[in-house]
Amino acid sequence: MTAFETIIVERPDPRIARIVMNRPEARNAQNLQMTYDLNTAFDDAVQDDAVKVIILAGSGPHFSAGHDLRPGAKNAAGVDFPPIGNWGGFAEPSTHGRFAREQEIYLQITRRWRNLAKPTIAEIHGKCIAGGLMLAWACDLIVASNDAEFCDPTVTMGVCGHEWFVHPWELGPRKAKEFLFTADVWSAEEAHRLGMVNHVVPRAELSSFVIALAQKIAAKPSFALKMTKEAVNRSVDVMGQPAAIDQAFGLHQLCHAHNLQEFGMVVDPAGLHPSVKKTAIVN
């Protein structure tokens, strides 16, 4: 089994791969290392014919605090890790390089995870913020503990939502606007009421509930599970979701360009959390 820096891979059942984000000190904020560790772990699980269901969970107090905006030792997309997408130009200046980078590490890789050929379940506890929502929304099912909270504060940072813009699909258009406009924190119960979350369970029962759900799914024929996922995903695609995500990604980049001209960094610093305000990546 592959050893990883930022995640742990467990096998609670021979048919289930449980991938656990393991940066608790950073509240499982997603840096570049975690992005590619997750991608490799997902690939390993898909290529292992014994695995029928994949669970994505987080260690520590929270599922994920989103994207890690602090510079790290390995932060150069297309250089520190081999690219998996079909864009180049990572070293180009200004908008060109930023567009290429975000195409690779946010848009294309999330789309890749959404289209994994096996059922995936997000196991969410604590906070799930901005980029954390991208991780959850790439999964087929979401199970949340009763203390889970969801928030996308990107409008506060001068950006029109995070890069995997499926808010209207997950929440409906009016609630998506409220979620983004207000940057309010929504409870697991509210997310469940809106259909974003499949189940809400007590925190102490979360992992066991998710494993039992995965076992129920894993009892079904592998090919039928794959084809059912494909059928549902293609139905959503025919309704226009990929094109909607792509056009929103272009508007997201326009927001970055505006903020860079206005504030000298790609987000409005007024909206940054104090813990990252002084060290945030600025381009």
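Mentor: A residue counts as buried under 20% relative accessible area, as exposed over 50%, and as partly exposed in between, with a 1.4 Å probe and protein chains only. This is a predicted model, where local features need pLDDT of at least 70, side-chain atom pairs count only at pLDDT 80 or more, and totals for chains, interfaces and linings use all residues. Residues are numbered from 1 along each chain as its sequence is written, and side-chain values use heavy atoms, without hydrogens and water.

Trainee: How is a pair of aromatic rings described?

Mentor: By the distance of the centres and the angle of the planes. Rings of Phe, Tyr and Trp (its six-membered ring) pair if their centres lie within 6.5 Å; planes under 30 degrees apart are stacked, over 60 edge-to-face, and the rest tilted. The structure holds 5 aromatic pairs. In one of them, Phe42 and Trp113 are tilted, at 5.4 Å centre to centre and 55° between the planes.

Trainee: Where in the chain are Phe42 and Trp113?

Mentor: Helices (H or I, at least four residues) and strands (E, at least two) are DSSP runs, numbered from the N terminus. Phe42 is in helix H1 (residues 32–47) and Trp113 in helix H2 (residues 94–114), 71 residues apart, so the pair links distant parts of the chain.

Trainee: Are Phe42 and Trp113 buried or exposed?

Mentor: Both Phe42 and Trp113 are buried.

Trainee: Why is the pair of Phe179 and Trp186 tilted?

Mentor: Because the planes of Phe179 and Trp186 stand at 50°, with the ring centres 4.8 Å apart. Phe179 is buried at a relative accessible area of 1%, and Trp186 is buried at 8%.
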